[in-house]
Amino acid sequence: MKNIYFPLLFIIAIFSCNDAIDTADLVLINGNIVTMDKNNSKATALAVNGDRIIAVGTDEEIRRHTDKETVIIDLKGNLAIPGLIEGHGHYMRLGHTLMHLDLRYANSWDEIVDMVAEAVDRSKPGEWILGWGWHQDKWEKTPIPSYEGLPIHNSLSEISPENPVMLSHTSGHGEYINAKGMEMAGINAETPNPAGGEIVRDRLGNAIGMLRESAAQLIDNVYNEYEQNMTPADLEEQHRRQVALAGQEALENGITSFQDMGSSFDEVALLKTMAEEGNLPVRLYMAIHDPSDLMEEKLEEFRMVGYGNNFLTNRCIGEKVLDGALGTHGGWLLEPYVDLPHTSGFNVTPVSEIERSAELAVKHDYQMAIQGIGDKATRVLLDIYEKTFSENPDQGDWRWRIEHAQVIHPSDLQRFKTLDVIAGIQGVFACSDGPWVASRLGEDRTRERGYLWRTMIDEGVRIMNGTDPPVEDIDPMASFHCSVSRVLSNGSVFAPEQKMSRFQALKSYTIDNAYAAFEEDIKGTLEVGKLADITVLSQDIMSVAEEEIPNTKVLYTILGGEVKFQNTN
Ligand SMILES: [Zn+2]
């Protein structure tokens, strides 16, 4: 009897399954999938149809969603996490940086000359060759010939006779140029040094190519003029290249969404066109930074949520800066700097202007994301936000943000939570600033108020994560590693009590970043119905030895169900 009925039952089972089960375009199997859902569920497989996740479960469960057409990716046990979200960066500036030669890792002047030569081969005569990040102390040998440890321009001028070359020193305090650049800037043996700068000259009085401090303005002016005289078509082509390059860089780093802090309406207009064309490489969340009168005129027209298939959202005002940076004693503090006691930093943008932006944000239903680095800046922003919220009690879901939030007075911590103000931190800053923060703030104040990632989480404050590219490389593994280790380059640990757990760090890079952009319904976890934005990594960052985390590679970046980056090495 059994033998007769079994095939029949089997057929019935298949039919009923086909009724209920959607076929997937893509499935991932044999993975270590960390979903980051409410229960922190794990799975081994996941199915995608169109740009959405349709099932998460075991290999066996997910295989039921496949047919002949389904693309199956075997994750080979690797870790899959929700697509990483860069919480605070500068998208177009990142693209601009990537158009230029990155000279930070050059070991010699000869290497730099070779890089420029390659760029010249790719360029039309007259096009500028730009580079940044060089430093003569990083070179293994002094250039021959040299003057004051700096090269003489001839080697550069010979390989680039028709293209002006401008290479920015990593300090930001000088430019190195070739003969063509000097000719265009009108620099010759007779040109006097401008006040506050130096055209470096050899013993015979000939300029060697180095322009120190204000002398760099001589070439900057020529370059700015060149940029201003570009035709609209050339300019658009350049901007489109920036968009593509920044997107490629993001995808290679496992970033599927990028929150941009401070772009103009013109830039957003181009991105809108590109979203319509389907040409945006990653999902963008924009924050407008334009003068108040222009915002008054355009905010309404430019408000977009999930435009172009969830590739472009514009509903935020930022990143106006209330204060400067700690490194340059610019962060606005409640008390003076320990190592520069005559100053407590600066208020950069007048408070009245931030208040004006807040009014516009309320009027046009925009979020605010303003930079506050010092504890005074944080407090002033909390005051502005609190006043705005209490004056508009009907508008409930604010989620306004304070970007960086590096120094916070203990009495202000709870205000973040009560007001649901989000701290837009960069985990990696604790490690890049850690070596010198205490010299600015003193040991006690640093411990009490500086880079309080763990304290904030424990107090119930929502934090975000990112690297502020191009200020730091767009490298989520570096920020994740610093968030959980606080290990400085010299091996010491900066305020170890402020380490996040790995779960907290991943949460800050996924669902919390999504929340900060009102996108927690579509992003940040791997759950049925959400966008199929997925990052696959070469090792399990949730369990691998801490010092191994920075060696993690991105294997796949999947965006809306499509593999946009695959590591082929
Ligand atoms: Zn920034």
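In the predicted model, Ile-187 is partly exposed, as 19 other C-beta atoms lie within 10 Å, and a residue counts as buried if 20 or more do so. Ile-187 belongs to the loop that runs between helix H6 (179-185) and strand S15 (197-201). Leaving aside residues up to four places away in sequence, the contacts of Ile-187 are with Met-182, Ile-199, Ala-207 and Leu-218. Ser-432 stands 245 residues from Ile-187 along the chain, and the C-alpha atoms of the two residues are 38 Å apart.

The protein is divided into three parts: domain 1 (2-77), domain 2 (105-169 + 173-228) and domain 3 (253-566). Taken over C-alpha atoms, the centres of domain 2 and domain 3 are separated by 36 Å.

Asp-110 is located in helix H4 (residues 109-122). Asp-110 is also partly exposed, with 15 other C-beta atoms within 10 Å; the limits for this class are set by 20 or more such atoms for a buried residue and 12 or fewer for an exposed one. Between Asp-110 and Leu-156 the C-alpha to C-alpha distance is 9.2 Å, although 46 residues separate the two in sequence.

A helix pair is formed by H3 (residues 91-98) and H8 (residues 232-252), whose axes come within 7 Å and cross at roughly 95 degrees. Helix H3 is therefore roughly perpendicular to H8, since angles of 65 to 115 degrees are assigned to that class. On the H3 side, the residues that meet H8 are Tyr-91, Met-92, Leu-94, Gly-95, His-96 and Leu-98. Their counterparts in H8 are Gln-242, Val-243, Leu-245, Ala-246 and Glu-249. Sorted by class, this contact of H3 with H8 comprises 7 nonpolar, 3 polar and 1 charged residues.

An open sheet of 6 strands is also present, with mixed pairing and the strand order S3-S2-S7-S24-S25-S26. Strand S2 (residues 32-34) runs antiparallel to S3 and is joined to S3 by 2 bridges. Within this pair, Val-34 is placed opposite Lys-42 of S3.

Note on methods
Residues are numbered from 1 along each chain as its sequence is written. This is a predicted model: local features need pLDDT of at least 70, side-chain atom pairs count only at pLDDT 80 or more; totals for chains, interfaces and linings use all residues. Domain bounds come from an automatic or database domain assignment. Helices (H or I, at least four residues) and strands (E, at least two) are DSSP runs, numbered from the N terminus. Two residues are in contact if their C-beta atoms, placed from the backbone, lie within 7 Å. Axes are lines fitted to C-alpha atoms, for helices over the stretch in contact, and angles run from 0 to 180 degrees between N-to-C directions. Angles under 35 degrees count as roughly parallel, over 145 as roughly antiparallel, 65 to 115 as roughly perpendicular and the rest as oblique. Ala, Val, Leu, Ile, Met, Phe, Trp, Tyr, Cys and Pro count as nonpolar, Asp, Glu, Lys and Arg as charged, and the others, Gly among them, as polar. Two strands pair if DSSP finds at least two bridges between them.
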